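Me: I have a protein model to read. Could you take me through it step by step?

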Amino acid sequence: MIRVNKPVQAPKVLRDRAAAARSAVCAVYRGARAAIQRGETTLAFDRGLYAHRDVKKSLEEAHHGKCCYCESKVKHVTAGDVEHYRPKAAVQQARTAPVERPGYYWLAYEWGNLLFSCGICNGTHKRNLFPLGNPEARARSRRAKLSAEKPLLVHPEQDEPEQLIGYRDEYAYAIDGDQRAEVTVNEMLRLNDRPSLLERRRDHLAHVRRLQEIATMPDVPAALRAEASAWLARSVAAEAEYASMTRAALRPSSH
Ligand SMILES: [Zn+2]
């Protein structure tokens, strides 16, 4: 995970329509609170708005077409998901904890709550999980203070992910045992428990390390060494797949 910087201003479609859509969903909730909490009725969200092509395009650009959590380039195989950092429909403190309804329904169209992710991080692993260090402070309505919450999921825009999550080879770990990084990596996203992701990371690292050798071999032609160096420079740029892992691998102190 690397730090993501998206435009401060929401896309026009959200600026024009998010407030009314939020009011509408809040009104539905007020009218059927008990049934929604019991799961007899579910809140409907306007996917055509929060995942509008302009919203998605802006998110994709800011995320360089990569999943905000696992840093896989997703666009060549899937459309990718507009991900709600705070889940909109329901929430769970832990995988084994009860599903609480509703979720952060009033944030469904909130630009600050939207990220770009792959379907595996979002749909298979994270889902409704949103553990807090202080679950008693969980915001239940628009009037509650989000700033009182201590989310355990590392935020790609509000945190400095690379100061919290490190890599040993293709495996992510919590730097200095940081609790939030630990929960993010191992409980929420299971980054070290996904064989195909690990295989892809491992292959990527093998290439990076080979190029690193080539870049420093004295008997290799200078032009080839330069080409290897240029490739390595690109592999740690924000646009590069698995940039945080590659940066860790190329950092002299990492091993
Ligand atoms: Zn992902």
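Reply: Q158 is found in the loop between α5 (119–126) and α6 (161–164); helices are DSSP runs (H or I, at least four residues), numbered from the N terminus. This is a predicted model, in which local features need pLDDT of at least 70, side-chain atom pairs count only at pLDDT 80 or more, and totals for chains, interfaces and linings use all residues. Residues are numbered from 1 along each chain as its sequence is written, and side-chain values use heavy atoms, without hydrogens and water.

Me: Is Q158 buried or exposed?

Reply: Q158 counts as exposed because its relative accessibility is 57%, and exposed means over 50% (1.4 Å probe, protein chains only).

Me: How far apart are the C-alpha atoms of Q158 and R3?

Reply: They are separated by 7.9 Å, although the two residues are 155 residues apart along the chain.

Me: New topic: which domains is the chain divided into?

Reply: It is divided into domain 1 (12–153) and domain 2 (195–254), with bounds from an automatic or database domain assignment.

Me: How many residues of each are in contact?

Reply: Six residues of domain 1 are in contact with nine of domain 2, where contact means heavy atoms within 4.5 Å.

Me: And what area do domain 1 and domain 2 bury between them?

Reply: They bury about 650 Å², 40% of it on carbon and sulfur atoms; this is the accessible area (1.4 Å probe) that two parts lose on being put together, summed over both. H64, E71 and K73 supply 59% of the area that domain 1 buries against domain 2, more than any other three residues.

Methods
Helices (H or I, at least four residues) and strands (E, at least two) are DSSP runs, numbered from the N terminus. Buried means under 20% relative accessible area, exposed over 50%, partly exposed in between (1.4 Å probe, protein chains only).
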